[in-house]
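Please keep the sequence and the model open while reading.

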Amino acid sequence: MSDKGLVVVIGATGPLGKECVLALESQGYHVRAASRRVEVAREMLLKSVKNPSRVDFVHVDVLENSVLSSVLKDAHAVFFCASASAGWRVPGTSKNTPKQVDYLGAVHVAEAAAQAKVKRLVLVSSAMVTNRTSFPYLFLNSSFGRIMHWKRQGELGVIETHEKNPEMAYTIVRPGHLINEASKGAKSIMVDQGDRISWRVSRADVAQICCACLQVENTMNATFEVAGRKQATSQSNPPDTYEALLTTIKPDKKLSTTGQS
Ligand SMILES: NC(=O)c1ccc[n+]([C@@H]2O[C@H](COP(=O)([O-])OP(=O)(O)OC[C@H]3O[C@@H](n4cnc5c(N)ncnc54)[C@H](OP(=O)(O)O)[C@@H]3O)[C@@H](O)[C@H]2O)c1
């Protein structure tokens, strides 16, 4: 086991989950790639990691909470990257709905993480999830099984689980529209709080941000958005590391007491 500890990635066969596994492994974490398709995960990831001994593979379906404690055993952190969005079906034909995966699945994982004494939970949600009049909210919520509503319920369920188990810190990362492009570095993205920004951002950059959260203490118990910059920043000296970018993030409680949330 590496000195940096074990991080479990739930939804490791998803496009963002895969980037998270690769980013964590390249930074020296031991990674447990948890997914419903273990053989696909193994084949997809082993050819890309630097050190295959730093990755192990386990089966997980977040609808089955009885197995989650063994999946999370000995982990320092867990990333929740699963979503029903990839598995959209005609309503009523699948149990794999946003309510089941993005809401109840996230709560199952949070509760199991708290029980297993996991210190950090990083939940990937979505930009505009509280902005009910925005185009992304209205479009996604009406066409994809009320996914924005259920993603927000997942966020609230995770926060509630933390409140009952304060030793497990949460971070909610809300990306804009995800694209498959190589990382362009910290200077190409921006973070914000208050659900005000949404713009396309590469999964590779979001994965780096999720990893950086583990190193930046003020992201504990915080919710923030991440989006690509539409154009080169006018800031004279934009942060050039993901960690430096995150130093502006404030815990949710501090935002609500200063009236910023
Ligand atoms: N796409 C966007 O533009 C966008 C924008 C903002 C936020 N997001 C959010 O960002 C996250 C990552 O998105 P993405 O597009 O990279 O991934 P994705 O295509 O939504 O894939 C998520 C993965 O979740 C896994 N999954 C589904 N049901 C599961 C279950 N019951 N148990 C365990 N795993 C399950 C699936 O893998 P298997 O089928 O292999 O199990 C799937 O590949 C999601 O939460 C998404 O909602 C996406």
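Tyr103 counts as partly exposed, its relative accessibility being 24%. Trp150, by contrast, has a relative accessible area of 15% and is buried, being under the 20% cut-off. The model is a predicted one, and the points below are grouped by topic.

**Aromatic pairs**

- Three aromatic pairs are found when the whole structure is searched.
- In one of them, the ring centres of Tyr103 and Trp150 are 5.5 Å apart and the planes lie at 20°, so this pair is stacked.
- Tyr103 belongs to helix H4 and Trp150 to helix H6 (residues 147-164); the pair links distant parts of the chain, 47 residues apart.
- Phe135 and Phe139 are also a stacked pair, because their planes are at 10°, with the ring centres 5.7 Å apart.
- Phe135 and Phe139 both sit in helix H5 (residues 135-143), four residues apart, and are therefore separated by about one helical turn.
- Phe135 is exposed, with a relative accessible area of 63%, whereas Phe139 counts as partly exposed at 42% relative accessibility.
- One aromatic cluster is formed by Phe135, Phe139 and Phe144.

**Helices H5 and H6**

- The axes of H5 and H6 are 6 Å apart, and the two helices pack at an angle of about 105°.
- H5 and H6 are therefore roughly perpendicular to each other, since angles of 65 to 115 degrees count as such.
- On the H5 side the contact is made by Pro136, Tyr137, Leu140 and Asn141, and on the H6 side by Ile147, Met148 and His149.
- By class, the residues in this contact of H5 with H6 are five nonpolar and two polar, with no charged ones.
- Asn141, a residue of helix H5, is buried, with a relative accessible area of 14%.
- Neighbours within four places in sequence aside, Asn141 is in contact with Arg146, Ile147, Met148 and His149, as well as with Pro136.

**Helices H1 and H7**

- Helix H1 (residues 15-26) packs against helix H7 (residues 203-213) at an angle of about 55°, and their axes are 8 Å apart.
- At that angle H1 is oblique to H7.
- H1 and H7 make a right-handed crossing.
- From H1, the residues Pro15, Leu16, Glu19, Cys20, Ala23 and Leu24 take part; they meet Arg203, Ala204, Val206, Ala207, Gln208, Cys210 and Cys211 of H7.
- The contact of H1 with H7 is made up of 10 nonpolar residues, one polar residue and two charged residues.
- H7 is largely enclosed by the rest of the structure, because 10 of its 11 residues are buried.
- The buried residues of H7 are Arg203, Ala204, Asp205, Val206, Ala207, Ile209, Cys210, Cys211, Ala212 and Cys213.

**Residues in loops**

- Thr13 is placed in the loop between strand S1 (6-10) and H1.
- Thr13 counts as buried, at 16% relative accessibility.
- With neighbours within four places in sequence left aside, the contacts of Thr13 are Ser35, Arg37, Val40, Ala41 and Met44.
- Gly92 has its place in the loop between strand S4 (77-80) and helix H4 (98-115).
- Is Gly92 buried or exposed? Gly92 has a relative accessible area of 81%, so it is exposed, the cut-off for that being over 50%.
- Between Gly92 and Val206 the C-alpha to C-alpha distance is 32 Å, and the two are 114 residues apart in sequence.
- Pro238 is found in the loop between strand S10 (222-228) and helix H8 (242-245).
- Pro238 is buried, its relative accessible area being 9%.
- Pro238 and Ala186 are 52 residues apart along the chain, and their C-alpha atoms are separated by 8.5 Å.

Key:
Residues numbered from 1 in each chain as written. Predicted model: local features only at pLDDT ≥ 70, side-chain atom pairs only at ≥ 80, totals over all residues. Heavy atoms only, no water. Axes fitted to C-alpha atoms, helices over the stretch in contact; angles between N-to-C directions. Parallel < 35°, antiparallel > 145°, perpendicular 65-115°, else oblique. Left-handed = near helix turned anticlockwise from the far one by under 90°. Contact = heavy atoms within 4.5 Å. Nonpolar A, V, L, I, M, F, W, Y, C, P; charged D, E, K, R; others polar. Buried < 20%, exposed > 50% of the residue type's maximum accessible area, 1.4 Å probe, protein only. Phe/Tyr/Trp six-rings, centres within 6.5 Å; stacked < 30°, edge-to-face > 60°.
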